[in-house]
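Welcome, and thanks for taking a look. Please have the sequence and the model open as you read on.

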Amino acid sequence: MSLVRPYGDTTGDGMVQLSFTLPIEHSKVAEGAAVQLANKMGMDPALVVHAKPMGDGFTFFVVYGRVNHLVDPSTVEVVERDYPLLTPKEANAAIKRSLRRRLVVVGGCIGTDAHTVGIDAILNIKGFAGEKGLEYYRELKVVNLGAQVSVPQLVEAAREEKADAVLVSQVVTQRDAHLLNTREMSAAFREAYPAAKRPLLVVGGPRFDETMADELGVDRVFTRGTTPGEVASFIVHRLTSPRTPSSPATTTTEKAS
């Protein structure tokens with residue numbers, strides 16, 4: 001695969017658009033500072049196309065300019081889906097055949113995160129992107145704990161419900177709160193359960209990196225745009241198939257091609 005350059009007005013012109021906030025009152029000096037920052041980041045020339053005050057002492061900028069960097073798609077690391085996508089009927093059949101009982105899923109938003117849209121989209125029967133949520137699956141028992149669940153509460157609920165899988169959504173990301181909360185959660189489950197008895201740990205949110213599953217101590221990381229069917233298929237595959245590695249394979253597009 002050949003090297004590529006950003007596209008703006010014409011093919012290969014290297015034009016990009018960048019947005020950021022500076023802790024400075026909006027003024028001509030502030031706009032000059034924004035251009036200076038863009039220049040230091042490799043944009044030359046750079047033009048401020050939008051500037052708006054964001055409260056006292058802050059200004060939001062959108063800068064448009066040219067970069068000379070090239071990217072090599074063949075070296076990009078991605079997480080390939082290593083499980084089949086199942087219909088609800090196929091997932092129910094696999095659970096019934098392999099477990100001979102309902103598969104239990106406990107989910108919620110941990111820490112101070114009160115944004116339940118993500119976890120509800122996956123768990124609630126109404127679902128997301130035209131797919132029914134996990135509550136729709138006859139062989140799944142879903143316990144949605146909602147928002148602002150502490151890690152001890154999550155562990156306690158998982159124990160009480162005898163959870164096979166725990167789903168955690170994290171939208172609040174200031175100061176990497178989603179990463180800190182996830183590490184705290186995975187550590188708590190490893191302390192509370194023997195390795196062979198620990199539930200499957202799955203986290204998701206718009207700012208997660210799919211390649212960080214091992215680093216965060218979880219079994220899978222899902223990012224923006226994930227559908228209920230993808231999550232259900234992963235859980236069912238991992239819990240009804242012969243044991244596989246604890247994290248998905250990270251590959252490059254070169255290897256995958």
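## Terms and model

Two strands pair if DSSP finds at least two bridges between them. Helices (H or I, at least four residues) and strands (E, at least two) are DSSP runs, numbered from the N terminus.

This is a predicted model, in which local features need pLDDT of at least 70, side-chain atom pairs count only at pLDDT 80 or more, and totals for chains, interfaces and linings use all residues. Residues are numbered from 1 along each chain as its sequence is written, and side-chain values use heavy atoms, leaving out hydrogens and water.

## The sheet and its helix

Let us begin with the sheet. Three strands make up an open, antiparallel sheet, ordered β1-β3-β2. At its edges are β1 (15-22) and β2 (46-53), each of which pairs on one side only. On average, neighbouring strands are turned by 15° against each other, direction ignored.

Eight bridges join β1 to the antiparallel β3; M15 has R66 in β3 as its bridge partner. Helix α1 (residues 28-40) packs on the sheet and touches β1, β2 and β3 (contact means heavy atoms within 4.5 Å). The direction of α1 makes about 135° with that of β2; axes are lines fitted to C-alpha atoms, for helices over the stretch in contact, and angles run from 0 to 180 degrees between N-to-C directions.

H237 belongs to helix α7 (residues 228-240). Beyond its neighbours within four places in sequence, H237 is in contact with D82, Y83 and P84.

## A loop threonine

T75 sits in the loop between β3 (59-66) and β4 (77-79). T75 and P152 are 77 residues apart in sequence and 41 Å apart in space, C-alpha to C-alpha.
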